[in-house]
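Subject: Handover of a structure and notes on its contents

Dear colleague,

Please find below the structure that I am handing over to you. I would ask you to keep it open while you read the notes that come after it.

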Amino acid sequence: MTIYPFKFALGPLEITGYGIMLMVAFLTGGWLVTLELRRRGLAEDYAADMVAAAVIGGVIGAKLWYVALTRDPGALLSRGGLVWYGGFLGGTAAVILNGWRLRVPLRWTMQLVAPALAAAYALGRVGCFLVNDDYGRPSSLPWAVKFPQGLPPSTAGNMQHLFGLPVPAGTDPSTVLAVHPTQLYEVALMLGAFFVLWVWRKRERPVGWLFGVYLVLAGVERFLVEFLRAKDDRFLGPFTIAQATSVCLVAVGAYLLTAWKDEPDPEPGDYLKGGKEMLASKTSTAA
C-alpha cells in the first residue's frame, strides 16, 4: 500500500494532516479533562487552562529538544522538528507551572491529565501517519506501507544512508520500500492505554497514582515500538535515545505508584473547588 501526505492549501496557508490532528489531540485532551472535572464536581475552567499551557510549553519543548538533537539552531523556525519527548517535557513543565500559579496541588493535576495524555498521544500519531513521518524499518508484512513523499521518503537510499539500515544488495537507491507503519502501532497501543486509564480513574486509589500508571504504559509502549522504528540515534547497540528516556519514564511511574500509598490525599484547592471567581475573591480579600 502506498500512502501520500494529506495536505491542502487554504489561501496562502498549507494545512497538513499533522496540524489538524495536533489540534484535535489538544481539544480532545481538554474535553476529557473537562469530563473528569465535571464528574468530580470541580471547576471545569481548569481544563482550558491546562490545554493553553500544554500547547505553548509543548511546542517550545519539542522544538528545543529537536535543536539539541540536530545541533541546528535554525530548526527552531522550521515546520518540522516537533519531537514527542521534548513536547511532553515542555508541556508538562508548563502545565505544572500553571497549576502552581493557580494553587492547584500537583497530584490533582497529574490525576486529571493521565487518560487525556494517552488519548492525545494516539491522535497525534495519526497525524504523523498522515504526514508520512516517524515510520518504521523496511518490512514485507501485508500491512507494510510505502511513503514515496514521506519525511523523508522511504527509499532504499534513505534507509541505508540516513538510518544505517540494511537493504537488499543491488537495490536501486531510489526504490521506495515498504516499511512498518509504526505510527499506527502506537495509535493502537496508546488507545488501549487510554481505555485502561479511563476505566481505572474511578478506582479508590491515592490522588495522582493514575499518572504513574500512564508513565509506565507510555514508557513501555515507546520502548517496544522503537525497535521497529527507522532511526538514526541508536547509541547503545539497538537502543535509541527515546528508549533511554522511556526507561526513565517507567522508573518514575513505578515510583509514583508507591510514593503516596500511605499519604492522605491533598485537598483540590480553592481554584478547583470554585473556579476563578473564588480564587480572585480570596486574593482580593487577602490584599
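This is a predicted model: local features need pLDDT of at least 70, side-chain atom pairs count only at pLDDT 80 or more; totals for chains, interfaces and linings use all residues.

Residues are numbered from 1 along each chain as its sequence is written, and side-chain values use heavy atoms, with hydrogens and water left out.

Overall make-up

The chain contains 9 helices and 6 strands; these are DSSP runs numbered from the N terminus, with helices (H or I) of at least four residues and strands (E) of at least two. Of its 287 residues, 45% count as buried. Here buried means under 20% relative accessible area, exposed means over 50%, and partly exposed lies in between (1.4 Å probe, protein chains only). Among contacts with a separation of 6 or more, 71% join residues 24 or more positions apart, a contact being heavy atoms within 4.5 Å.

Nonpolar cores

In soluble globular proteins, nonpolar side chains tend to be buried together. A nonpolar core is a set of buried Ala, Val, Leu, Ile, Met, Phe, Trp, Tyr and Cys residues joined through side-chain atoms within 4.5 Å. The largest one has 41 residues, and Leu37, Tyr46, Met190, Phe211, Tyr214 and Leu272 have the most contacts inside it. Its largest share, 10 residues, comes from helix 4. Methionine 190 is in contact with Ala118, Tyr121, Ala122, Tyr214, Ala218 and Glu221, leaving aside neighbours within four places in sequence. Helix 7 is mostly covered, since 13 of its 18 residues are buried.

Surface patch

Val55, Ile56, Val59, Ile60 and Leu64 make a nonpolar surface patch of about 420 Å². Such a patch consists of residues with over 30% relative accessible area and no salt bridge, and nonpolar side chains (Val, Leu, Ile, Met, Phe, Trp, Tyr) are joined within 5 Å, whereas like charges are joined within 9 Å. Areas come from the Shrake-Rupley method with a 1.4 Å probe, and for residues only the protein chains shown count as cover. Valine 55 is in helix 2.

Salt bridges

The structure holds 14 salt bridges, each being a side-chain nitrogen of Lys or Arg within 4 Å of a carboxyl oxygen of Asp or Glu. One of them joins glutamate 44 and arginine 38 (3.0 Å, N to O). Arginine 38 counts as partly exposed because its relative accessibility is 48%.

Aspartate 134 forms a salt bridge with arginine 229, with the closest N and O atoms 3.5 Å apart. This pair links distant parts of the chain, 95 residues apart. Arginine 229 is buried, at 5% relative accessible area, whereas aspartate 134 is partly exposed, at 22%.

Lysine 231 and glutamate 226 also form a salt bridge, with their closest N and O atoms 2.7 Å apart. Lysine 231 is buried at 10% relative accessibility, and glutamate 226 is buried at 0%. A network of salt bridges links Arg125, Asp134, Glu186, Arg222, Glu226, Arg229 and Lys231.

A loop residue

Threonine 155 lies in the loop between strand 3 (145-146) and helix 5 (156-161). Threonine 155 counts as buried because its relative accessible area is 13%. Not counting residues up to four places away in sequence, threonine 155 touches Pro173, Ser174, Thr175, Val176 and Leu177.

Yours sincerely
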